[in-house]
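Colleague: I'd like to learn how to read a model like this one. Can you walk me through it?

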Amino acid sequence: EFAEASGGASNSEVIIGLLSEFPTNAYYLVYSISEPSIYYQQFEDNFGLSGGKLKRKLVDELSATRSVKPTVDSLSYIPAAEGQILSVIREDGLGLLDLIESVKDFLGKRIPRVQFIETSDISLMNLVRANYELGESEVSIIVYVGTEFSRLVFMKGEYFFHFAPVISEGRLTPNIENTIYSRILLEQDSAGILRIDRIFLAGEAVKIDLKQFLAPQFAEAPIEYLVTTMLDTSEFQDNPETIISEYAIPIAASMRALEPKNKRYYSIDLLPTSYREGQKAFKLAWHGYVLLALIFATTFFFTSRYAEQNE
């Protein structure tokens, strides 16, 4: 919207316009990427591993099926329904980091701190997990409608269950409502889902009045726009739920950044290690910290001994 209002400003001008009024140490920057910049791979279990060991095992498993071996910092994972593991692998999507590097001279010559990179699908699931109580066996769908593409994310309870392939049609496509309805039925049949318990709408679904269209088709499933009760919306003149649902992805990513210890959020990070290390103004290896401790200890020792010798 900033770009449109300013007559088609470049991406660099948009970033400078948004961030230049704040000192770089006053905010974090987070963002979500989506396919084809990332891809997902499900595994039946966690191989009895966790943490870094599980990551390395997933890298080995993916190397056997992919032409390019993923790096450890390009991979993350989340627990899924029925004990499965969903791995998330970044292949691209780092253009924003290059853009930030190119404009840092206009932002106080310091790179803004990027807290994490996640995926848009996980952002949507995080908003559901943090704001709704879902039964363990309940199956819900997040229907995200974009301008040129749409996405169906199935959850079982509070866990990821199934992705439908990306629909290469969005709000601008005629009869997109029928396409989404048909795809829900197809995925329900192919995944063996007996019933849909809840449907959450996000993105530009409100602009095509998707709730009214789907309500008669799923009379037993509550259909609602994806919102959060943790935001103060008293200043909104329009219906708050339509605004929040439209911007559900950036809101979800931002709220996770504000609550990094909230266990309700799937915590993934696809930020390259090299970029994370480059953000540290003061960094030492383990032997550097040992040397700092020794310097402090010897300074204290010789100072006290000097006083004793003088006495």
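Colleague: Is Val-290 buried, partly exposed or exposed?

Modeller: Buried means under 20% relative accessible area, exposed means over 50%, and partly exposed is in between, with a 1.4 Å probe and protein chains only. Val-290 has a relative accessible area of 43%, so it counts as partly exposed. Keep in mind that this is a predicted model, where local features need pLDDT of at least 70 and side-chain atom pairs count only at pLDDT 80 or more, while totals for chains, interfaces and linings use all residues. Residues are numbered from 1 along each chain as its sequence is written, and side-chain values use heavy atoms, leaving out hydrogens and water.

Colleague: Which helix holds Val-290?

Modeller: Helices are DSSP runs of H or I with at least four residues, strands are runs of E with at least two, and both are numbered from the N terminus. Val-290 sits in helix α11, residues 286-310. The chain has 11 helices and 10 strands.

Colleague: How much of the chain is buried?

Modeller: Of its 311 residues, 41% count as buried.

Colleague: On to sheets. How do strands pair up in general?

Modeller: Strands of a sheet pair through backbone hydrogen bonds, either parallel or antiparallel. The cut-off here is at least two DSSP bridges between two strands.

Colleague: How many bridges join β3 to β4?

Modeller: There are 5, and the two strands run antiparallel, with β4 covering residues 85-90. Leu-75 has Ile-89 in β4 as its bridge partner. Contact means heavy atoms within 4.5 Å.

Colleague: What about the sheet with β8 in it: what is its strand order?

Modeller: That open sheet of 5 strands reads β8-β7-β6-β9-β10, with mixed pairing. Its edge strands, β8 (159-163) and β10 (223-225), each pair on one side only. β9 (residues 198-203) runs parallel to β10, joined by 3 bridges, and Leu-201 stands opposite Tyr-225 in β10.

Colleague: Which helix lies across β6, β7 and β8?

Modeller: Helix α6, residues 176-190, running at about 35° to β7.

Definitions and conventions. Axes are lines fitted to C-alpha atoms, for helices over the stretch in contact, and angles run from 0 to 180 degrees between N-to-C directions.
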